[in-house]
Amino acid sequence: MIKNTLLLALTIIPITACANIEVNDIAPTYNLKSNTRGLFIEPVTSDSLEQVNTLLNKQWYFTKVLTLDGKPDMDVNSCKTLLKAANENYKTTNYQAESILKDFKKTCSTWRDMGQLTPSNKSFLSSFKHSLALPKQMPPELALIISNDDERRLAKASSWDEMSHIQKIVPVNDAQAIYYDNSGGIQRLTIMAKGDYNQDGIEDMVLYIENSVEGGDYYSSYNYIVTQLTADAPYTLIKQF
């Protein structure tokens, strides 16, 4: 169980949805502002491809030293160096630091994928809206998974709502809302970006979820890439990390 010792807070300004029509070159859209104090002292604007890619190379306000048997230690002070260290299986012996870096790796991976989005020529995402109806359309992998029983139910579930039974939603803005389930689970869902991720011409959506439980210290975060392949179709999961 990951303790909520250091979280990467994200403050989001809404993104504009695209119409359910075919047009030429629907440009990728990104959140207008990410409050990245978990890594940087000052908030960093990320409303363009160039600025998103800058996040990968921008130096953090701190440095972590990771180790690997038989190799020199590696200083990690940016997303670029963290992803390189993770790819080469570098570790830290501090469990708490390892948990924090694991969350940072997910964030860095999200920014990397956002930087790979390309223009699309078709979109079915204009119907997206934070509401109690959304969990019925989203894949079950978005649910809060804590126990082995949750894992077993996930294998048979067809939607997020079937897993979590969302009972309440508190919108923050058009891009972000907090979802409460019937067993004390709290999930903050944020749209990070839109664009064509898998090069099929259809607009996809990058999501970020922070999970916690009422009255507890549980915390986890996950990133997803989803899409709608036709109008009014359930959302299809493309990637989870």
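Tutor: A residue is called buried when its relative accessible area is under 20%. Please keep this cut-off in mind as we read the aromatic rings of this predicted model.

Student: Is Trp-160 buried or exposed?

Tutor: Trp-160 has a relative accessible area of 0%, so it is buried. Tyr-179 is likewise buried, with a value of 0%.

Student: How many aromatic pairs does the structure contain?

Tutor: Two aromatic rings form a pair if their centres lie within 6.5 Å. By this rule there are seven aromatic pairs. One of them joins Phe-40 and Trp-111, whose centres are 6.4 Å apart. The angle between their planes is 15°, and the pair is stacked.

Student: Which parts of the chain does the pair of Phe-40 and Trp-111 tie together?

Tutor: Phe-40 belongs to the loop between strand 3 (29-30) and helix 1 (49-57), while Trp-111 belongs to helix 3 (residues 95-114), so the pair ties together parts 71 residues apart in sequence. Both residues are buried.

Student: What kind of pair do Trp-160 and Tyr-179 form?

Tutor: Their pair is tilted, with 55° between the planes and 4.9 Å centre to centre. Trp-160 lies in helix 6 (residues 160-164) and Tyr-179 in strand 8 (residues 176-181), so this contact ties together parts that are 19 residues apart in sequence.

Student: Which residues do ring pairs link into a cluster?

Tutor: The cluster consists of Trp-60, Tyr-61, Phe-62 and Phe-104.

Student: Where does the charged end of Lys-168 sit?

Tutor: It sits over the ring of Tyr-180, 5.2 Å from the centre of that ring.

How values were computed
Residues are numbered from 1 along each chain as its sequence is written. This is a predicted model: local features need pLDDT of at least 70, side-chain atom pairs count only at pLDDT 80 or more; totals for chains, interfaces and linings use all residues. Side-chain values use heavy atoms; hydrogens and water are left out. Rings of Phe, Tyr and Trp (its six-membered ring) pair if their centres lie within 6.5 Å; planes under 30 degrees apart count as stacked, over 60 as edge-to-face and the rest as tilted. Helices (H or I, at least four residues) and strands (E, at least two) are DSSP runs, numbered from the N terminus. Buried means under 20% relative accessible area, exposed over 50%, partly exposed in between (1.4 Å probe, protein chains only). A charge sits over a ring if NZ of Lys or CZ of Arg is within 6 Å of the ring centre and within 35 degrees of the ring normal.
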